[in-house]
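Hello,

Here is the structure I promised to pass on to you. Please open it and keep it in view while you read the notes below.

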Amino acid sequence: HPDSCLAPETPLPPIAMGALIPNTSSGGQTMTALRAVGTRPDARPFFQEALANMSRRTQQGERCVVVFDIDNTVVDTRYRTLRAAQLYGREHGVSKLAQLTEGDLSRIGLTGRATMLNLGFGEGPLTAAFEAFWQSYFWNSDNFSDDRPIAPTLELIAQAQQAGAEVVFLTGRIASLYNATLRQLQSVGVKGLGGDESRPPENQRLLCKPSLETRTAPYKAEA
């Protein structure tokens, strides 16, 4: 946003993944990435410096906007895919899927197909069938409750808000999932979302792409 705050020009730590702060100091708009804080401690100095910078600038009356992704940034969706795999395995007699546990999370991919490949199934009818099942299960908002909150990200969100920043969520989820996504964010403790989808875009706190046909990366880049 043209009048958003400038994050400190600190080299991005290698584990960072998730949030963006617009940077307009050079006249054009660029994005300084704050991606979701991980479990290793080396990212925290970067975030603390950014938060201190935001706090100083908001106290001077400047507007700061911090943008977060949701899936695998605010919530861990591997649990949703794990549950889909377990159900599919039980319903279709695929014991390797039915017997998966949380100990197998490192092999759960971002999609059904990726998960099957990680588990050693390879390409083929079974992988294609599970991908179709996964698409139906994963994007059913009733199953968002399978996700687990990512505590360090929620801590960062709260700290950004305390620093006076406006926190916005920009997701590849489609508009029909807006209300369910809003409820999920509220259920994991995100404050200050409001809930008025009719707000003008510059005042919305949750932005979903219009449809499945909309490509996620270009949508996020333009939003």
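Predicted model: local features only at pLDDT ≥ 70, side-chain atom pairs only at ≥ 80, totals over all residues.

Helix H7 covers residues 178–187, and its buried residues are Tyr 178, Ala 180, Thr 181, Leu 182, Gln 184 and Leu 185. After H7 comes Gly 189, which has a positive phi, near 105°.

Next, the aromatic rings. How many aromatic pairs does the structure hold? There are seven aromatic pairs. One to look at is Trp 134 with Phe 138: the ring centres are 4.5 Å apart and the planes meet at 25°, so this pair counts as stacked, the cut-off for stacking being under 30 degrees. Trp 134 and Phe 138 are both buried.

You will also find an aromatic cluster, formed by Tyr 88, Phe 130, Phe 133 and Tyr 137.

Finally, two arginines are worth a click. Which ring does Arg 148 lie over? Arg 148 is placed over the face of Tyr 79, 4.1 Å from the ring centre. Arg 173 lies over the face of Phe 144, at 4.3 Å from the centre of that ring.

Enjoy exploring, and write back with any questions.

Best wishes

Definitions and conventions:
Residues numbered from 1 in each chain as written. Heavy atoms only, no water. Phe/Tyr/Trp six-rings, centres within 6.5 Å; stacked < 30°, edge-to-face > 60°. Buried < 20%, exposed > 50% of the residue type's maximum accessible area, 1.4 Å probe, protein only. Lys NZ or Arg CZ within 6 Å of the ring centre and 35° of its normal. Helix = DSSP H or I, 4+ residues; strand = E, 2+ residues; numbered from the N terminus.
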